[in-house]
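Work through the exercises below with the structure open. Try each task before reading its solution.

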Amino acid sequence: MRMYDIIQRKRDGYALTKEEINYFISGYTNGEIPDYQVSALLMAIYLKHMNADEATALTNAMVRSGDQIDLSSITGIKVDKHSTGGVGDTTSLILGPLVASLGIPIAKMSGRGLGHTGGTIDKMESIPGFQAEVTTDEFIELVNKNKLAIVGQSGNLTPADKLLYSLRDVTATVDSIPLIASSVMSKKIAAGADAIVLDVKTGTGAFMKNLADAEELATTMVNIGKLTGKDTTAMITDMNQPLGRMIGNALEIQEAIQILSNKGPDDLRELCLELGSQMVVSAKKAETGEEARRLLEENLANGQALQEFRDFIYDQGGDIKVIDHPEDLPQAKYKYELRAKTSGYVEEMSAEKIGYAAMLLGAGRETKESVIDLAVGIELHKKIGDAVQTGEALLTIYANDQDVTEVKDILSKHIQITKETVTKPTLIYKTIQ
C-alpha cells in the first residue's frame with residue numbers, strides 16, 4: 001500500500017477503505033508519512049468529502065492512535081456532552097452538577113480555550129484552589145463518589161487528531177465537515193463515554209455560520225456515533241447572540257451558580273434543561289424528555305443541583321465559599337457601561353464581535369501562549385428583541401485596563417437598534433437522533 005495511491009483515489013472521488021485510512025493514520029502518527037503527503041490528502045478530503053463509513057473509520061483510527069480511558073469501574077451509564085463552541089456558553093458548568101444530581105455519572109475531560117473566553121477548565125480555575133489536574137484513578141474515584149468530576153485532558157488521547165489539526169490549520173482544511181466530525185467524536189470516544197449529547201451551534205458566533213452546514217455536521221457526528229455503538233444525539237442551537245448574560249471566566253461561574261440556584265437568564269436555563277433532558281434519557285433515568293425535564297426542574301427547585309455543585313468543587317479542592325459569596329471570585333478593577341444612543345428594539349448583537357471584544361479585554365487567548373485574565377468580561381443587560389430607551393445600559397464591561405476605547409468601539413458598531421419590533425431568535429432549531 002502506498003500513500004500516493006490513497007491520495008490519488010480520494011482526489012478522483014473514490015471512497016477510501018478502512019485499511020487505507022488505518023494505513024495513513026498509523027503511518028503519519030509514527031512519522032513514516034510526511035506532512036506534504038498528508039496535506040495533499042486533507043485537501044482531497046476537503047474537496048471530495050467522505051461518506052459515513054469513511055468518517056467512522058477515520059474516527060476509530062484516531063481513537064486507536066493513543067490512550068483510551070477505561071471508565072468501566074464507574075457504575076451507571078456515563079453520559080458526555082460536547083458543544084461546538086460559542087460565546088457565553090456556560091452549559092457544561094451547569095449540566096455537570098444538574099444531571100449528576102439525578103445519580104447519573106458525568107466523567108468529563110475538558111480542555112483550555114483558544115478564542116473568545118477560556119475553556120471549561122479555565123473557567124473552573126476561577127474558583128480559588130480548584131484542581132483540574134488529577135490522575136485517572138483519582139478521576140474515577142471522584143466520579144464514583146460524587147457522580148461528577150471535570151478534569152483537564154490527560155494522557156495521550158488521540159495524538160493523530162492533534163497532528164492532523166495542526167496541518168488543517170495551515171492548509172485551509174479546518175472547515176471540512178467529516179474532518180471536524182471525526183476530530184470531535186474521536187476525543188469523546190477515547191474519553192470513555194457510553195452516550196454522547198452534542199450541542200451544535202449555528203450563527204454569527206459559531207463555527208458553522210449557516211443552519212444547513214450545522215445540520216450536516218450534526219448528522220455526520222450522530223452517524224459516527226451510531227456506527228461506533230455510542231448512543232449519540234445532537235441539538236442544533238442558536239449562536240447569533242451570546243448565550244446567557246455573562247461572557248468571561250469568573251463571570252460565567254457566577255452565572256452557572258445563578259442557574260443552579262434556580263435563577264438566571266431564561267435562554268441559558270432553557271437550553272440546559274433541554275440538553276440535560278436528553279442526557280437523562282440517554283442514561284435511561286427517564287423514558288421521555290418530559291419526564292426527564294420534570295426531574296431536572298425539581299432538583300433545581302429543591303437545591304440538590306446546587307448541592308451537587310458544592311460537593312464537586314469541595315472534592316476537587318475548590319473554595320466553596322464562592323457559591324454564597326461570588327465576590328470571592330476574581331474581580332475586575334473597572335466597570336464601564338455602554339449606553340443606547342437611541343430608543344427602540346435590539347435588532348442585532350453579533351456574538352462573534354462581542355466574543356472578540358471579550359478576548360481583547362483578556363478573557364480569552366489569541367494564541368496558545370496568551371495568559372487569560374479570569375476577572376474580565378462583558379455582562380449583557382439587553383438581548384435581541386428587548387426594548388431599550390435612550391441612555392439605558394446595553395452592557396457592562398469589566399476590565400483591568402483603564403482604556404477600553406477599542407472594545408467600546410467594536411461593541412457599539414455591532415449592536416444595532418431599530419424602531420421596529422424585533423422577534424426574539426429561535427433557541428433550538430432541531431434535534432437529530
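Predicted model: local features only at pLDDT ≥ 70, side-chain atom pairs only at ≥ 80, totals over all residues.

Residues are numbered from 1 along each chain as its sequence is written, and side-chain values use heavy atoms, with hydrogens and water left out.

**Exercise 1. Check the span of helix H12 (residues 266-282).**

Step one: recall that helices are DSSP runs (H or I, at least four residues), as strands are (E, at least two), numbered from the N terminus.
Step two: take the expected span as 1.5 Å times one less than the number of residues.
Step three: compare. The 17 residues of H12 should span 24 Å, and its end C-alpha atoms are 24 Å apart, so the two agree.
Lys 284 follows H12 and has a positive phi, near 65°.

**Exercise 2. Decide how enclosed H12 is.**

Buried means under 20% relative accessible area, exposed over 50%, and partly exposed in between (1.4 Å probe, protein chains only).
Step two: count. In H12, 12 of the 17 residues are buried, so the rest of the structure largely encloses this helix.
Step three: find some of them. The buried residues of H12 include Asp 267, Leu 271, Leu 275 and Met 279.

**Exercise 3. Find the residues that touch the most other members of the largest nonpolar core.**

Step one: define the core. It is a set of buried Ala, Val, Leu, Ile, Met, Phe, Trp, Tyr and Cys residues joined through side-chain atoms within 4.5 Å.
Step two: name the residues. The largest core has 78 residues, and Met 124, Ile 127, Phe 309, Ile 378 and Leu 411 touch the most other members.
Step three: ask which element gives the most. H12 does, with 7 residues.
Step four: look elsewhere. Another core, of 22 residues, lies apart from this one, and Ile 7, Leu 16, Ile 45 and Leu 179 are among its members.
Step five: return to Ile 378. Leaving aside neighbours within four places in sequence, its contacts (heavy atoms within 4.5 Å) include Arg 245, Ile 354, Leu 395 and Leu 411.

**Exercise 4. List what lines the largest cavity.**

Step one: define the space. On a 1 Å grid over the protein atoms alone, a cavity is a set of points where a 1.4 Å probe fits but cannot get out; lining residues have an atom within 4 Å of a point.
Step two: search. The whole structure holds 2 cavities of 30 Å³ or more.
Step three: inspect the largest cavity. About 50 Å³ of space lies in it.
Step four: read its lining. Asp 80, Lys 81, Ser 92, Leu 95, Gly 96, Ile 106, Lys 108, Ile 150 and Met 279 line the largest cavity. Helix H5 gives the most to this lining, with 3 residues.
Step five: turn to the second largest cavity. About 40 Å³ of space lies there, and its lining includes Leu 71, Asp 80 and Ala 193.

**Exercise 5. Is Ile 33 buried or exposed?**

Step one: locate Ile 33. It sits in the loop between helix H2 (18-29) and helix H3 (35-48).
Step two: read its area. Ile 33 has a relative accessible area of 7%, so it is buried.
Step three: find its partners. Leaving aside neighbours within four places in sequence, Ile 33 is in contact with Met 3, Tyr 23, Phe 24, Gly 27, Tyr 28 and Val 38.

How values were computed: 1 Å grid on protein atoms, 1.4 Å probe; cavity = no way out; pocket = protein on both sides within 12 Å on 5 of 7 lines; lining within 4 Å. Points joined across faces, edges and corners; volume = space filled by probe spheres on them.
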